[in-house]
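This report sets out selected features of the structure shown here.

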Amino acid sequence: MSNGDRWKNARALMCNAGRSNTLVAGLALASLCAWHIVHPSLAIADPIAPTLSGAPEVTDIPDRGTQPTISNHTALMPQLYKLDAQPVEQISPLVQRQMLHGTQSTFVKWTVKKGGVFPLHHHANEQITWITEGQCEVLSQGKKFVVSTGSVLVIPPNVPHEFHCTEDTIDIDFFSPQRQDWIDGAASVAAMPK
């Protein structure tokens, strides 16, 4: 079975399971993780970095962090990753992306050089942006928001916005629900002509 076929089968399992069967969805997700597969159309040179599942990061601690009425009925386990171990995608000459997808959200670290632009766009996902280094100007709804180190900007779903990075910037974004468009292989708006 090819990686593309594994992706399609696991994805179909997750979609067909719906939100009502976390066991099947969890097994499908585990199948993807076990094979370290990413969508074949994504331009990623390396697979997703493996989860950290052994000591010293993860150790057994019986009867802690559990609720018997819940823990005994779910197949999902928290997944621990090192963000800097994730593959780096070169989206444009000035923009790099590292990302992880949860079952209901997407987490992204953008590394943007001064002059990097995310042209005007919108998406169905709520976006929470945290600038950990640098500065960007965000244009939205007739306003300019200057976001700099320590700023957090919440962008509601379907609100048009664009980013212009005026300094080298590290931008951490959280999207909910997950960015299905990216999982399906759609390009980031940062790869589009300005």
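## Glu-162 and its polar contact

The side chains of Glu-162 and His-164 make a polar contact of 2.7 Å. This distance, like every other value below, comes from a predicted model. Glu-162 is placed in strand S9, which covers residues 161–165. Its relative accessibility is 18%, and Glu-162 is therefore counted as buried, the cut-off for that class being under 20% relative accessible area.

With residues up to four places away in sequence set aside, Glu-162 touches Phe-118, Pro-119, Leu-120, Glu-137, Val-138 and Leu-139. One of these, Leu-139, is also the bridge partner of Glu-162 in the pairing with S9.

## Strand S9 and its partners

What pairs with S9, and in which sense? Strand S4 (residues 117–121) is antiparallel to S9, with 3 bridges between them. In this pairing, His-121 lies opposite His-161 of S9. Strand S6 (residues 135–140) is likewise paired with S9 in the antiparallel sense, over 4 bridges.

Burial in S9 extends to 4 of its 5 residues, so the strand is largely enclosed by the rest of the structure. Glu-162, at 18% relative accessibility, is a buried residue within this strand.

Strand S1 (residues 89–92) runs antiparallel to S2 and is joined to it by 3 bridges. Within this pairing, Glu-89 has Arg-97 of S2 as its bridge partner. The two strands S1 and S2 form a hairpin, with 2 residues between them. S2 itself spans residues 95–101; 5 of its 7 residues are buried, so the strand is largely enclosed by the rest of the structure.

S2 also pairs with strand S3 (residues 106–112), in the antiparallel sense and over 7 bridges. Here the hairpin passes through 4 residues. S3 is mostly covered, with 5 of its 7 residues buried.

On S3 there is a further pairing, with strand S10 (residues 169–176): the two run antiparallel and are joined by 7 bridges. Thr-111 stands opposite Ile-170 of S10.

## Glu-57 in a loop

Glu-57 belongs to the loop that lies between helix H2 (22–35) and helix H3 (68–71). Is this residue buried, exposed or partly exposed? Its relative accessible area is 39%, and Glu-57 is therefore partly exposed.

The contacts of Glu-57, not counting residues up to four places away in sequence, are with Leu-52, Leu-80 and Lys-82. Of the pair Glu-57 and Leu-80, the C-alpha atoms are 8.3 Å apart, while the two residues are separated by 23 residues in sequence.

## Gly-150 in a loop

Gly-150 sits in the loop between strand S7 (143–148) and strand S8 (152–155). With a relative accessible area of 53%, Gly-150 is exposed, because the class of exposed residues begins over 50%.

Apart from neighbours within four places in sequence, Gly-150 is in contact with Trp-130 and Ile-131. The C-alpha atoms of Gly-150 and Ile-131 are 5.7 Å apart, although 19 residues separate the two in sequence.

## The second largest pocket

Rolling a probe the size of a water molecule over the atoms shows where empty space is left. The second largest pocket holds about 510 Å³ of space.

How many residues line the second largest pocket, and which lie nearest its centre? The lining consists of 18 residues, and those nearest the centre are Val-58, Gly-65, Leu-76, Met-77 and Pro-78. By class, 8 of the lining residues are nonpolar, 8 are polar and 2 are charged.

Notes. Residues are numbered from 1 along each chain as its sequence is written. This is a predicted model: local features need pLDDT of at least 70, side-chain atom pairs count only at pLDDT 80 or more; totals for chains, interfaces and linings use all residues. Side-chain values use heavy atoms; hydrogens and water are left out. Buried means under 20% relative accessible area, exposed over 50%, partly exposed in between (1.4 Å probe, protein chains only). Contact means heavy atoms within 4.5 Å. A polar contact is a pair of N or O atoms within 3.5 Å; within protein, one must be able to donate a hydrogen and the other to accept it, and residues adjacent in sequence count only if both atoms are side-chain atoms. On a 1 Å grid over the protein atoms alone, a cavity is a set of points where a 1.4 Å probe fits but cannot get out, and a pocket is an open set with protein on both sides within 12 Å along at least five of seven lines; lining residues have an atom within 4 Å of a point. Grid points are joined across faces, edges and corners, and a volume is the space filled by probe spheres set on the points. Ala, Val, Leu, Ile, Met, Phe, Trp, Tyr, Cys and Pro count as nonpolar, Asp, Glu, Lys and Arg as charged, and the others, Gly among them, as polar. Two strands pair if DSSP finds at least two bridges between them.
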